[in-house]
Amino acid sequence: MHDDAPARLLLVEDDARLAALVAESLRRKGWQVDVVGRGDLAIERIRTAPPDLVILDVNLPGGDGFDVCRAGRGGSPGGILLLTARDDDIDQCG
């Protein structure tokens, strides 16, 4: 990444309306945002074009957020932020 290039963020959210709102807000803050709505597509995107940050929903079609988190940890040089309404102790990214 060049100093003048915006940081690249991958937003993984299957609710299209929510994803559009969040993406627009992040773009206004200067992020370059890509959005995918499926876990399997997120894993592929992380492997082929690693973002600087992944914001990840837990409940996704095509593989849940925990699957994406486990697969993406080795393929993304940036961080992974897992967002969920779940509150059980078991709901952690191992």
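# Briefing: strands, helices and salt bridges in a predicted model

The protein has three helices and four strands, where helices (H or I, at least four residues) and strands (E, at least two) are DSSP runs, numbered from the N terminus. This is a predicted model, in which local features need pLDDT of at least 70, side-chain atom pairs count only at pLDDT 80 or more, and totals for chains, interfaces and linings use all residues. Residues are numbered from 1 along each chain as its sequence is written, and side-chain values use heavy atoms, with hydrogens and water left out.

**Overall layout**

- Followed along the sequence, the protein shows the pattern β-α-β-α-β-α-β.
- Of the 94 residues of the protein, 31% count as buried; here buried means under 20% relative accessible area, exposed means over 50%, and partly exposed lies in between (1.4 Å probe, protein chains only).
- The protein exposes about 5700 Å², and carbon and sulfur atoms supply 49% of this area, with accessible areas coming from the Shrake-Rupley method with a 1.4 Å probe and, for residues, only the protein chains shown counting as cover.
- Among contacts (heavy atoms within 4.5 Å) between residues at least 6 apart in sequence, 64% join residues at least 24 apart.

**Strand β1 and its partners**

- Strand β1 (residues 8-12) is mostly covered, since four of its five residues are buried.
- β1 pairs with strand β2 (residues 32-36) in the parallel sense over five bridges, and two strands are said to pair if DSSP finds at least two bridges between them.
- Four bridges also join β1 to strand β3 (residues 53-57), and these two strands run parallel.
- Leucine 11 has valine 35 in β2 as its bridge partner, and leucine 11 also stands opposite isoleucine 55 in β3.
- Together, β1, α1 and β2 make a right-handed β-α-β unit; a crossover is right-handed if, with the strands pointing away from the viewer, the path from the first strand over the helix to the second runs clockwise.

**Helix α1 and its surface**

- Leucine 21 is found in helix α1 (residues 16-28), and leucine 21 is exposed, with a relative accessible area of 56%.
- Leu18, Leu21 and Val22 make a nonpolar surface patch of about 240 Å²; patches are made of residues with over 30% relative accessible area and no salt bridge, with like charges joined within 9 Å and nonpolar side chains (Val, Leu, Ile, Met, Phe, Trp, Tyr) within 5 Å.

**Salt bridges**

- The count comes to four salt bridges, each being a side-chain nitrogen of Lys or Arg within 4 Å of a carboxyl oxygen of Asp or Glu.
- Aspartate 34 forms a salt bridge with arginine 45, the closest N and O atoms being 3.8 Å apart. Because aspartate 34 lies in strand β2 and arginine 45 in helix α2 (residues 39-48), the pair ties together parts that are eleven residues apart in sequence.
- Glutamate 24 and arginine 28, both in helix α1 and four residues apart, about one turn of the helix, form a salt bridge with their closest N and O atoms 3.9 Å apart. Glutamate 24 is partly exposed at 38% relative accessible area, whereas arginine 28 is exposed at 63%.
- In helix α3, arginine 70 and aspartate 67 lie three residues apart, and their side chains meet in a salt bridge (3.0 Å, N to O).

**Glycine 65**

- Glycine 65 is found in helix α3 (residues 65-72) and counts as buried, at 0% relative accessibility.
- Not counting residues up to four places away in sequence, glycine 65 touches Leu56, Asp57, Val58, Leu60 and Leu82.
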